[in-house]
Structures are given as C-alpha cells and as structure tokens.
Amino acid sequence: MAEATVNEPLNSEDTYRRPSHVQLWRRQLLRDKKALVGSIILTLLVLCAVFAYWITPYDPNAMDFDMIMRPSWAHLLGTDDLGRDLLSRLIYGARVSLFVGFSTVAISLVAGVALGVAAGFFGGWIDTIIMRYIDLQWAFPNFIIAVYLVAVFGTGLSNVIIAISLAFVDDFARIARGMVLTIREEQYVAAARTLGASNNRIMWRHILPNSMAPLIVQATISVSYAILAEAGLSFLGLGVQASTPTWGLILAESRSFISRAWWLGVFPGFSIMITVLSINFLGDALRDVLDVKEVKEPG
Amino acid sequence: MWAVATLVFFMLRAVPGDPMLAMVFDTGDPAAADEMRRDFGLDQPVYVQYVKYFLQVMQGNLGTSIYGSRVPVSRIVAEAFPRTMSLAVLSFLLATLIAVPAGLISALKKHTPIDHGVTLVAFIGLSMPDFWLAILLIIVFAAQLNWLPAVGYVPLAQGFWPWFSHLILPTIAIGTPFAAIIARMIRSSMLEVLKSDFMRVSRSKGLLEKRLLLVHAFPNALIPVVTVMGIALALLMAGTVVVENVFAIKGLGRVLIQGILNRDYPVVQGAILVVSAIFVFSNLLVDALYTVIDPRIRYD
C-alpha cells in the first residue's frame, strides 16, 4: 500500500513545471527598463503609423496660405514652405519609415538565413560561391551598398526596399552559417541523423530553432539601421518619390529654410532618432537576455 | 576591388533608361543622342565596352564625365579625394579622442551613474542620423550664432584656419555617432579583459592598480578595438557620403551622389572604384596594425 501512495500522481496544484526558455526570457525582458521604454515608444509609433488617417489633424499634402508658421495650437509642430502641417506629415512619414524598416529586415532575414544555412549545411562549392559573395559585401558598410544598388535600380519605394534588403543580407547569412557549422557537430543532430531524419527535417526542426537567438537580436538592431538607411537615401534624393512625405525627405527640404524655420529641421530628425533609439533599446535588452555576443553594427 | 568595379559596370548597364536620350530630351533630336552614344563608345556591345574600360582603368584613365562639361573623371576624383580624406581623418581623430576615454571610464566604473550616463549618451549618438546632427549644427552655429561657415570647403593651401573652420561642423557631425559605436565596443572589450585570468593573477601579485590597467589590461583590450576601428572606418566613409552633401563639400560622397542623380556612368564608376579602394586599403591597414599590437599574430 505504501508503495502505491508514493507512485500516486501529484495534484496538479503541487506540480512544479519548469518554465520554458521563452517564459524565462519574457520575464527577464519585462524586468529590463530599456526594453520597457523601447517597447512602449515603438508600440505608440506603430499605432500612430497604422491609424495615421484618423489621428492626423490635417491632410499631409494639403497646402495652405499659412506658410512657414511657427509651432502653434493650430499647427502643433508648425507648417512648411507650402503651408503643409508638419505634424501630419511626420505621422504619415512614420508609415514609410516603419514599413521600410520591418519589410527590408524581413526580406533580408529570410534571404540571408536561406543562403547561410545552405552554405553551412551543404559546404563544398555551394559554400565557396555563397561565401565569396558574402565576403565581398561584408567589406562595405550597408549604407554604401544600398547607395550603389539604388544607383543601379533607380529610386522609388520598391527599389529602396530591394536595395536595403540586399545590403543587409550578408549580416544574416554570416550568423546563420556560423550557427549551422556549430550546431551541425552537436550530438543531438548526430542522433537525429542516426534515427533517419532527412536533411530538411534536421534543418527545420533542429538547426533553425537553435540559431534563433542571435538572428532575433541581429534582426532587431537591423530594423533601426534600415530606418536610418531609408532616411539617409530619402535625404539624398535617392529614396521614395517626392510626393510621399518621409522623414528623410522632409529634412532634406528643410535645408532651404534653415535660417528661418528651425522646426522644419529639428522635428523630423527627432522622429528618426526616437524611433531608432527605441528599437536600439529593445535590441540591446534582447542581446542581454538571449546572451548573444556577436552582432554586427550594420551602419 | 576588381569584383566591385566589374559588378557595378555590368549592373549600371543592365538598368533600363538611356542617359543619352535623357540628355538630349530638351532638343528632342534622337540623331544627336546617337552621335553622343558613338562619342562615348556606348553603341558598342557591352563586353567590348567592358574590356576597353578595364584597360583604361589599368592605365589610370577613368574616362570623362558624360554630363555637362566633359571633365576627366580622374580629375574630378583627384579634386574630391583630399576633401574626403581631410574630413575622414579629422572625424576619426575626434571620435577616438571622445571614445577611448569614455569607453575606458565606463568599463572601469561599471554599473555606476557615470557608466549609465556614458551608455545613454552613446545610445543617443548611435540613434541620431548624422545628417540631422549636421543640420542642427548648422542651425545653431552657422545660422543663429554665425560662428562658423555653414557650407563649402577651402583647400589647406589657402591657410589652416579657413580650411579647418569649414571642416569643424562636418567633423562633429560625422565623428559623434562614430564615437558612440567605438566607445561601446571599447567598454565591452575592456570588460572582457578585466574578467580574464591573467588580470586576476596580476592583481594577486599586488601590482598597482594604475600599472595593472595601463600596462596589462589596455594593450590586451586593443585587439578587438582595432578591429572595431577598421569597421568604424568603413562606417565613417558612409557618414562622409551623406554629410558632404549637407555641407556642399564636393568630396567623393557628393561626387558619387551627383553622378547617380545625373546618371553619369563614368563618374559613378570612378567614385565607386576610389571609395572601394579606400575600404580595401583600410582593411589592409588594420591587418598590419594587428602585428604591431600583438606580436603573436604573424602573416606568412
């Protein structure tokens, strides 16, 4: 009888379930002040961008005779040389910046991981060809590559997205390849292979999930650099069409009125900075929580 | 470098759009476009163009600008080069002067208010677009205070102060974000070194703290820092491309961007070639520096 009581299952209330990695990470992340500040700001920005149509006080392209007006109650951040409301233009500008930031990183993440995993997993000539290309790209800062590519493709939203995505591919490919090379030698991969798992299954079930941490951190930091790159390209006149309000473009236009209208030069840049800062805070917190060391500052 | 030049050459020609047609658009005369195309050899097959271009580059001939006056690209680049280099060297010095002490102090006073302050400032520096900082500097120091010139460049030959005064604002604009990156990396590599076994041994030997840090820790923290400097030097070049455009300094960056906007192939190719050469050279320099800092590293 005594033995039976020992083997009896415990009440569900008494069971101690070890928290999963994801739960542990989440707890740590919630405790991190930088992560908290970063995610609050970023959430607000994303909401602004999504609901831009409803929250903007004016049409971002509506011209008015109130030209170059100082910030006032009617125009909280003032107006530009064509009498357009700066606040409304900046809110719409958030759409472009965030869209470009997230979409380029999504594209380069998928492409980079595919290249990196293929190079690391198959080795041989596939590895040689891919790595030659990646090394070539690695020698240059991403922004310069994006400029080269826009020179080739031309301007416009989709070309800018393609150029920035391609410019960031090497960062992800390198990490993915490095992780594959390390994980490939792990015993659990050998075990899976012994059990007859296919290449595909090993890649999807074992290698990718285990190389997630550095990729997540790199992706987060890359979003901030992609936003900076988009702003830089727009600023140089190599970005999205002139009719679309983007932060870089508004800044570029402000240069003609630098001595008369400080607000046109100050607020767009501040929007870029606060967005990039919030993402950098989040990325840094993730780096600490996931304990990732090797991340390239893409620039 | 050769690979980059080749890639750019073929990619530029693969793009739709004919620069010649765009240039004679105003006159609307297609025959004029044909004539110009013949002049520049653009009517020949791409591979012929490529071989010709390659042979010319080997002889130091980068072709002539096809937009506006037909200035040789080598002359444009030669004029732009000292401007970009002045800017790059000054920004590098400024960044190092800020970053090395900031990074070291922040590592030694880990988790104190000083460290947190440095970290926050570094974060802001990292997140601030350099062209925005450039505009802010112009608003404050040129437009409002009238202390420094807002745009332009004066060669060093015309005196030190005129040259330097034109470069102060661009240098700050490029150097500050760059300092933030280096400071953060110096902090983390110094922390790594401080944790290492040989530091514990040295400390237990009873060495003076100052000697410990300057003679033992710092040189060992330098290796990753030099690597970072190499990467940062590349970032700095990216910074000059944008900031030159804000300050209307006709350096390599401005030449490149103007070339792209004007679809001036030879100029774009020439600028990319020179910018790429600077990267390759700075990478070599970093590799050479390793052997000086750490005698254990040898290249055969």
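1. Order of elements. The model is predicted. Read from the N terminus, the elements of chain B run α-α-α-α-α-α-α-α-α-α-α-α. That is twelve helices and zero strands in chain B.

2. Burial and contact range in chain B. Chain B has 300 residues, of which 40% are buried. Of the contacts in chain B with a separation of 6 or more, 69% are between residues 24 or more positions apart.

3. Contact between the chains. On one side are 35 residues of chain B, and on the other 36 residues of chain A. Two or more residues on the chain B side come from each of helix 1 (2–14), helix 6 (113–127), helix 7 (130–144), helix 10 (209–246), helix 11 (252–262) and helix 12 (265–293) of chain B. By class, this side of chain B has 31 nonpolar and four polar residues, with no charged residues.

4. Nonpolar core. The largest nonpolar core has 149 residues. Those with the most contacts inside this core are Ile144(A) and Ala146(A) from chain A, and Ala134(B), Ile182(B), Leu256(B) and Ala271(B) from chain B. Helix 10 of chain B gives the most to this core, namely 18 residues.

5. Surroundings of Ala271(B). Leaving aside residues up to four places away in sequence, Ala271(B) touches Val77(B), Leu252(B), Val255(B), Leu256(B) and Gly259(B). Leu256(B), like Ala271(B), is listed among the core residues with the most contacts.

6. Helix 12 of chain A. This helix covers residues 247–254, and seven of its eight residues are buried, so it is largely enclosed by the rest of the structure. The buried ones are Trp247(A), Gly248(A), Leu249(A), Ile250(A), Leu251(A), Ala252(A) and Ser254(A). Which elements cover them? The cover includes helix 5 (86–122), helix 11 (212–235) and helix 13 (262–290) of chain A, together with helix 7 of chain B.

7. Helices 7 and 11 of chain A. The axes of helix 7 (residues 142–153) and helix 11 of chain A come within 10 Å and cross at roughly 45°. The two helices are therefore oblique to each other, and the crossing is right-handed. From helix 7 of chain A, Asn142(A), Phe143(A), Ala146(A) and Val150(A) meet Tyr225(A), Ala229(A), Gly232(A) and Leu233(A) of helix 11 of chain A. The residues of this contact divide into six nonpolar and two polar, with no charged.

Note on methods:
Residues numbered from 1 in each chain as written. Chains lettered and ligands numbered in written order. Predicted model: local features only at pLDDT ≥ 70, side-chain atom pairs only at ≥ 80, totals over all residues. Contact = placed C-beta atoms within 7 Å. Helix = DSSP H or I, 4+ residues; strand = E, 2+ residues; numbered from the N terminus. Nonpolar A, V, L, I, M, F, W, Y, C, P; charged D, E, K, R; others polar. Buried ≥ 20, exposed ≤ 12 C-beta atoms within 10 Å, placed from the backbone. Core = buried A, V, L, I, M, F, W, Y, C linked by C-beta atoms within 7 Å. Axes fitted to C-alpha atoms, helices over the stretch in contact; angles between N-to-C directions. Parallel < 35°, antiparallel > 145°, perpendicular 65-115°, else oblique. Left-handed = near helix turned anticlockwise from the far one by under 90°.
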